Amino acid sequence: MFDSLVIGYLFLGGAGGGALVVLGAFEGARTLGLRRPELPDELFARAWPVCAVALATGIVCIAADLGRPDRLLGLVASPRPTPLAVGAYALVAGLLCAAAFSALALFDGAASRVPRGVRLALAAASLAAGGVTAAYTGVLLQGLASVLFWQTPLLPAAFVLSSLSCGVAVVFLAAAFVETRRPFVHLVAWLARIDGVLIAAEAGVLAVYVAWARARERRRWRSWRATWRRRFWAAWRWRGWRCPSPWSVCSRTTTTIRSFCGLPPACWRAALRCAPASRRRGFTT
């Protein structure tokens, strides 16, 4: 149904949105001075560029799928608050937040010169943009009238949980290249537990989703069968008023044959005597 560009955009946009939420929460915790869990600076210097690259690649995929860049600009400049326009704004805002945090993490001493309120505002913007980016694709697919299987609020929930799990995976990927001497095993274990909870919740949502879809399809089949049963019998009655039913004709013929075959032999002989000789020829032995 979708080509590889749209599939890549859905995956990269969801992973980038989930990474925005996770890293934005970590940035807020670090800005507020929370010491647990330990957050090494090198982790953010690896994770934020990966998040920015994922979001930028997703934007490139959707722009290539649209065919012309001016269509993407027209989508961003759309005055109507459609899910696609809101998602485009969220993608651009998330990319700007990821680029800003990447610059603060890569340049030495840049984060210390930025006021605390600005960093908190960037963290809050990252949380909001990441949440909208993770959820709007599910809302967009839910609004497609051609696919009845997607018309449920469980679809955005599944997209959000999957995006958050992919965001944790982005942090794991960045942590694999961190060479700091500060131990952050507790951070990795904490993230692994969170990822396990997210995966279990996603599996539960998908199980409820499939059960709901099967129940809905069963109800639709029963409704369709009842509707066509009423139509069939209405058409049958209407046709029976105009011409005799084949069942009635067969039943009448069977009744006549049974009554004729049940006559006594004297009636048969009387009928043969009264019949003409040409018709009586086949019944004589």
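In the predicted model, the axes of helix H2 (residues 41-66) and helix H4 (residues 83-106) come within 8 Å and cross at roughly 150°, where axes are lines fitted to C-alpha atoms over the stretch in contact and angles run from 0 to 180 degrees between N-to-C directions. H2 is therefore roughly antiparallel to H4, a label applied to angles over 145 degrees. The contact (heavy atoms within 4.5 Å) involves Phe44, Ala45, Trp48, Pro49, Cys51, Ala52, Leu55, Ala56 and Ile59 on the H2 side, and Leu91, Gly94, Leu95, Ala98, Ala99, Phe101, Ser102, Ala105 and Leu106 on the H4 side. Of the residues in this contact, 16 are nonpolar, two are polar and none is charged, with Gly counted as polar and Ala, Val, Leu, Ile, Met, Phe, Trp, Tyr, Cys and Pro as nonpolar.

The protein chain as a whole contains eleven helices and zero strands, helices being DSSP runs of H or I with at least four residues and strands runs of E with at least two. Among contacts between residues at least 6 apart in sequence, 73% join residues at least 24 apart. Buried residues (under 20% relative accessible area, 1.4 Å probe) account for 32% of the 285 residues, while the chain exposes about 17,700 Å², of which carbon and sulfur atoms supply 68%, as computed by the Shrake-Rupley method with a 1.4 Å probe.

Residues are numbered from 1 along each chain as its sequence is written, and side-chain values use heavy atoms, leaving out hydrogens and water. Local features need pLDDT of at least 70 and side-chain atom pairs count only at pLDDT 80 or more, whereas totals for chains, interfaces and linings use all residues.

Technical notes. Angles under 35 degrees count as roughly parallel, over 145 as roughly antiparallel, 65 to 115 as roughly perpendicular and the rest as oblique. Buried means under 20% relative accessible area, exposed over 50%, partly exposed in between (1.4 Å probe, protein chains only).
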